[in-house]
Amino acid sequence: MKRRDFLKKSAKFAGVLSVLGTHTLFAENGEKMQMMTLNNGVKMPALGLGTYALRGKECERAIKDALECGYRLFDTAQMYANQREIGNAIKQMPRKELFLETKISQNASFSEAKNIIHRALDELQTDYLDLLLIHDNYSRSKEIYEAMQEAYKQGLIKALGISNFNANAYALFIKEVEIMPTINQCQTHLFYQQKALRAAMKETILQSWSPFIAGRKEVFENDLVQNLSKKYGKTPAQIILRFLNEENIALIPKTSRKERMKENLDIFDFTLETQDRENLRKLDQNKSYFSWVD
């Protein structure tokens, strides 16, 4: 099924039982979101909205559209420069329904990291962050994380994590910190499934950024993906997201289009057969598609 065909069918977003657990979050419109349990017991939506490159009024509009569709997790970062707009868009929602995650995007000192945390709280217009990540494996990551751990103990952050740490960096990092990261947010998609990293992370969930490889046609037009799209009556995008979801990978696909938001959410009402999942695993090329990432 092509993406344009998705708009022709009346699809409902349904939460179903999966390998990730049975917890659900009910939005005001009655739709359910599958939840994942982090290693500290915090519940996180399995799928949220990435907001990279969303700015100004477009960002506020996109967040409001996403809320109407049933999204409750919103991912941002210091470097995205859109935390204020996100805060404006969500301020009418009950805070307990939302899951806000952001990232420290510079090689900060302990005191600088503390200031960045408080700035994020101010811009997002909230008393606490659900998840805070270090955006990259900086030379001062341990120092940044110490500031994050302090804020965590103060109740300003509900969960801590990292981003773009490969297996070796992850293994070294967890030996030096007091609180185990709950999330490692990395480039993850059909052609880069991060199998070695997932094997190394026993207590940390992988969260995929760019599950569609920034919209590259080859991932949507892959023969296997196209065949499974026809078999299950789902779009190629939905096949990809469902596969990653069934691999226990959290998802934050980015889009500013409401129809795509709906499409990306509509992945919990079917299950891929075992052989189909195995065939999709074989598409892994184990290489980055972005030159600035390991």
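Begin with the largest pocket, which holds about 730 Å³ of space. Of its 30 lining residues, select Tyr 52, Trp 209, Ser 210, Ala 214 and Lys 254, the closest to the pocket centre. A pocket here is an open set of points on a 1 Å grid over the protein atoms alone, where a 1.4 Å probe fits, with protein on both sides within 12 Å along at least five of seven lines; lining residues have an atom within 4 Å of a point. The volume is the space filled by probe spheres set on the points. The lining divides into 13 nonpolar, eleven polar and six charged residues, where Asp, Glu, Lys and Arg count as charged and Gly as polar.

The model is predicted: local features need pLDDT of at least 70, side-chain atom pairs count only at pLDDT 80 or more, and totals for chains, interfaces and linings use all residues. Residues are numbered from 1 along each chain as its sequence is written, and side-chain values use heavy atoms, without hydrogens and water.

Next, display the whole chain as a cartoon: there are twelve helices and eleven strands, taken as DSSP runs (H or I, at least four residues; E, at least two). Buried residues make up 57% of the 294 residues; buried means under 20% relative accessible area, exposed over 50%, and partly exposed in between, with a 1.4 Å probe and protein chains only.

Now select His 135, in the loop between β7 (131-134) and α5 (141-153). The unreviewed UniProt entry annotates this residue as "binding site"; such annotations may be inferred rather than shown by experiment. His 135 counts as buried because its relative accessibility is 9%. Its side chain is joined to that of Ser 105 by a polar contact of 2.7 Å (a pair of N or O atoms within 3.5 Å, one able to donate a hydrogen and the other to accept it). Beyond four places in sequence, His 135 also touches residues including Met 79, Tyr 80, Lys 103 and Asn 164, contact meaning heavy atoms within 4.5 Å.

Proceed to Ala 81, in the loop between β5 (73-75) and α3 (83-90). Ala 81 counts as exposed because its relative accessibility is 53%. Ala 53 lies 28 residues away from Ala 81 in sequence, with 8.7 Å from C-alpha to C-alpha.

Finish at Thr 182, in the loop between α6 (167-174) and β9 (183-187). Thr 182 is buried, with a relative accessible area of 2%. Among the residues that Thr 182 touches, beyond four places in sequence, are Leu 38, Leu 131, Gly 161 and Glu 203.
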